[in-house]
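Here is a short note on charge pairing in this model. Please read it with the coordinates open.

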Amino acid sequence: MAPTAEFCGIDPEQMGALATSLRGAADRLTAFSREFEEKLGRYGIGTPALREIVDIADWGGRQVSMLHGRIDLIKTLGNGAPELGGAGGTGGAASIAAGGPGLIRLPDELKDFDIAQGLARMYGENILVNFHGESQARLIHEHIDEVAELAANPQAAAAFFALLSPKVRDSLPNLIANTGSKTAKQDLATFSKVLGAALNAPALVPAFAQVRADLVKPADNRAAAWNRLALLKGANAPSSVRSAATRALVLDDFAKKPRQDWRAGGPAETKAYGLPSDLVAMGLEVLAGDGTAVRDVFARMGGAEVTLNRTDKMKLFLDYAKEVGTGDQVADAFGRVAEAGSEATTEKPGQHSPEAAAFALDVIKVAGSFGTALPAVAKDSMGVIANSYVHELVSGGRFDKAADRASSMQIPKHWEAFPGVTPAFYLNPVDTSQFMKTFVGEDKVADAFKSTVARFRHDTLLAAARLDAQSDNNHFRDISMMFGDFGSIAFRTTVDVLGEEDAVADLARDFTKNTAGFLLGEIPIAGPVAELGWGITQAYIVSSASDAWADSFETQVDAAKKERSDLAKRLKYDMASLLHSGGYPASEPPKELINATTSTLKTYDEFVAEAKREAIGNKRWEQVLQQKLAAYEDWMDGNDKLDEKIESSSRVQTSDLAENLLKVQARD
C-alpha cells in the first residue's frame with residue numbers, strides 16, 4: 001500500500017473476523033469441490049475448473065494463516081497503545097494517534113515488520129539461546145547484514161527490538177562476546193546502530209516505548225547496567241536517552257556514593273569490544289560526543305539528594321580516577337566528556353554559546369586545580385579545549401586592566417575589549433597558567449596549542465593593523481601587549497612544569513624548527529610564517545627575562561642553525577610585515593624589500609636565504625645580509641609613525657611584567 005496522508009489502520013478484531021470468514025469460505029469451497037468432483041467423475045466428466053476452485057480454497061487457507069500471524073504481530077507491536085488501554089507511557093502515547101475505537105495505528109510498514117519479526121525470532125528464540133561457541137558466533141555474523149538493513153527503516157528497527165525478549169536484549173553484548181567471535185565488535189556495532197535508528201525514529205512503534213523505558217531505568221545488577229550502556233555506546237541515541245540512561249544506570253548512584261568498586265564489565269566483553277570495565281567510565285563513554293546530554297547530566301546528576309555544584313561533580317570523577325585501578329578509563333572518558341560539554345569541536349573559537357562556555361569555564365578551573373597532577377590520559381582533551389578557547393586563554397593573560405579579576409562569565413569592571421578578541425568568559429592569569437599546566441610538556445598537545453595561538457596572534461594583529469590604518473587607535477599596540485603578557489605567562493608556566501633548563505631547550509627547539517625550511521620555492525607559507533612570529537615573541541621574552549636563559553637559548557640555537565638568532569631584528573621585521581600587510585600608512589618600500597610573488601615585505605629568513613645565495617668569493621653571507629637589512633632599516637626610519645608603532649609594539653611583546661605579577665598573584 002502506498003503511503004497516504006489519510007488515516008489507514010487495522011482493527012485486529014475485524015481482521016480476526018475476516019480471517020474466520022475466509023477460513024469458513026475456504027472450507028466450504030473445498031467441500032464443494034470434492035463433492036462435485038466425485039459426482040462428475042462417475043460420468044467421466046473432467047473437472048479442471050473444480051481443481052482451480054480447490055487452488056483458490058488453498059490460497060484462502062494460506063491467507064488465513066497469514067492474517068492470524070499478522071494479527072498477532074499487530075497486537076504485539078501495538079502493546080501499550082492507548083487504543084488498547086495499555087500503559088505504554090508517554091513515548092507510545094505521543095507517537096501514535098487514536099484512529100478510532102478498536103483501531104491500532106502503526107506506520108504502513110507491515111512487510112518490514114514481518115522481516116523484523118523473523119529476525120527477532122531467529123536471534124532471540126534460536127541463535128542466541130540454542131547455540132554456543134563457534135557455531136553461535138558464525139550464525140550471529142552470518143545474518144548481521146540483514147539486521148543492518150533494519151537501520152534504514154526506523155520503524156522496523158523499533159519492531160525488531162520490541163520483539164526481542166528483555167532478557168536477550170539486556171545481555172546482547174555479553175552473549176556475543178562469550179562466543180569468542182572475532183567479529184564481536186562489528187556485530188555489536190550493528191545492533192547498536194539499529195537501536196539508535198529506533199530511538200531516533202520520529203514516531204515510535206507502541207511496543208517500543210517499553211524498550212525505551214527499560215533502557216533508562218535502573219538495572220537489576222551492575223553487569224546488566226554495563227550491557228545496556230555497551231549497547232547504547234554506539235547507538236548515537238538522542239540526548240534525552242543518553243542523559244536518562246547514564247544517570248539511572250550509574251551516575252546518580254556515583255554522585256551519592258562514589259567510593260565503591262564500580263567494575264562491571266567482564267574480561268571477555270572488555271577484550272572483545274575495547275570498552276572499559278569500569279561502569280562509571282562506561283557511563284561517561286555513552287555521554288561523550290553529546291554536549292547537550294553532558295550538560296544535562298552534570299546539572300541533574302544525583303537528583304535532589306545531591307547538593308554538589310557542577311565543579312564539585314567534575315572533581316568527583318577526577319578524584320575517583322586518581323584513586324582506583326581503572327582510573328585511566330575514567331579520566332580518558334571524562335576528558336572527552338569535557339570536550340563535548342564545552343562544544344570544543346563543534347563551535348568556533350571566539351563564537352561559543354553561553355551554555356558551552358560556562359561548562360568550559362568550570363572544566364578549566366577544575367582541571368587547573370589538578371595542574372600537572374591531572375591524569376595523563378585526559379591531557380589531550382585539555383589541549384582540544386585550549387585550542388577551542390584560545391580567545392579566553394590569551395586574554396586571560398592580560399594585566400593591563402582588571403588585573404585582580406576573578407575568573408567569571410561576567411565582564412570584569414574596567415575591562416577594555418580588543419577588536420578580534422571575543423572571549424565568552426574572563427579568566428584571571430593564575431587560572432590561565434594553572435590550566436596550561438595540564439598539558440605543558442605533552443609535546444603533541446602543546447605544539448598544537450602553540451600553532452593555534454600563533455595563527456590567532458597573526459590574524460588578530462593583521463586585523464588590528466588594518467583598523468589602525470583607517471583610524472589609529474593603538475589597537476595594534478594593545479593587542480601586541482596582550483600577546484606579550486600571555487607569552488610571558490606561558491613561558492613561566494613551562495618553567496614551572498619542566499624546569500628552567502628544559503623550558504629553554506624546548507623553546508630553542510621550537511624556534512629552530514620554525515626558522516628552518518619554512519620557504520617553499522622561496523615563497524613564505526602563511527602557517528609557518530605565523531608560527532615563526534609567535535616563536536620569535538616567546539624567544540625574545542626568554543632573552544629579556546634572564547641573561548643565563550638568554551645565553552643558553554642563543555647557544556642552543558647557534559649549535560643547531562650555525563647562525564645567530566637576531567631576535568630583536570626578527571621581531572621588528574615581523575611587526576613591520578604585519579603593519580605593511582594591513583595597509584598602515586608608509587612610503588612605498590624599495591623593490592628589493594618586496595617579495596615579487598606575494599607583494600609583501602620579505603621576511604628576515606628570506607633575506608638570510610638570499611644572502612647565502614649571493615655570497616660569492618671572499619664575501620661572507622653575514623655581510624651581504626647586513627647590507628640588505630640596512631635598506632630595511634632605512635625604510636623604517638624614514639617613516640616615523642610606522643617606526644614608532646613597530647618599536648612600541650615590539651617592546652610590549654617582550655615585557656616580563658606579566659611574569660613577575662603572576663608570581664605575586666600565585667603567592668596571594
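1. Asp-468 is buried at a relative accessible area of 2%. Buried means under 20% relative accessible area, exposed over 50%, partly exposed in between (1.4 Å probe, protein chains only). The model is predicted: local features need pLDDT of at least 70, side-chain atom pairs count only at pLDDT 80 or more, and totals for chains, interfaces and linings use all residues. Residues are numbered from 1 along each chain as written, and side-chain values use heavy atoms, without hydrogens and water.

2. Asp-468 forms a salt bridge with Lys-645, the closest N and O atoms being 3.2 Å apart. A salt bridge is a side-chain nitrogen of Lys or Arg within 4 Å of a carboxyl oxygen of Asp or Glu. Asp-468 lies in helix 23 and Lys-645 in helix 31, so the pair ties together parts 177 residues apart in sequence. Helices are DSSP runs (H or I, at least four residues), numbered from the N terminus. Lys-645 is also buried, at 4%.

3. By this rule the count comes to 32 salt bridges. One of them joins Arg-228 and Asp-170 (3.1 Å, N to O). Arg-228 sits in helix 12 (residues 222–233) and Asp-170 in helix 8 (residues 166–170), 58 residues apart. Both are buried.

4. Asp-496 and Lys-437 also meet in a salt bridge (3.8 Å, N to O). Asp-496 belongs to helix 24 (residues 475–498), whereas Lys-437 is in the loop between helix 22 (429–436) and helix 23 (443–470). Asp-496 is partly exposed at 42% relative accessible area. Lys-437, at 16%, counts as buried.

Notes
Helix = DSSP H or I, 4+ residues; strand = E, 2+ residues; numbered from the N terminus.
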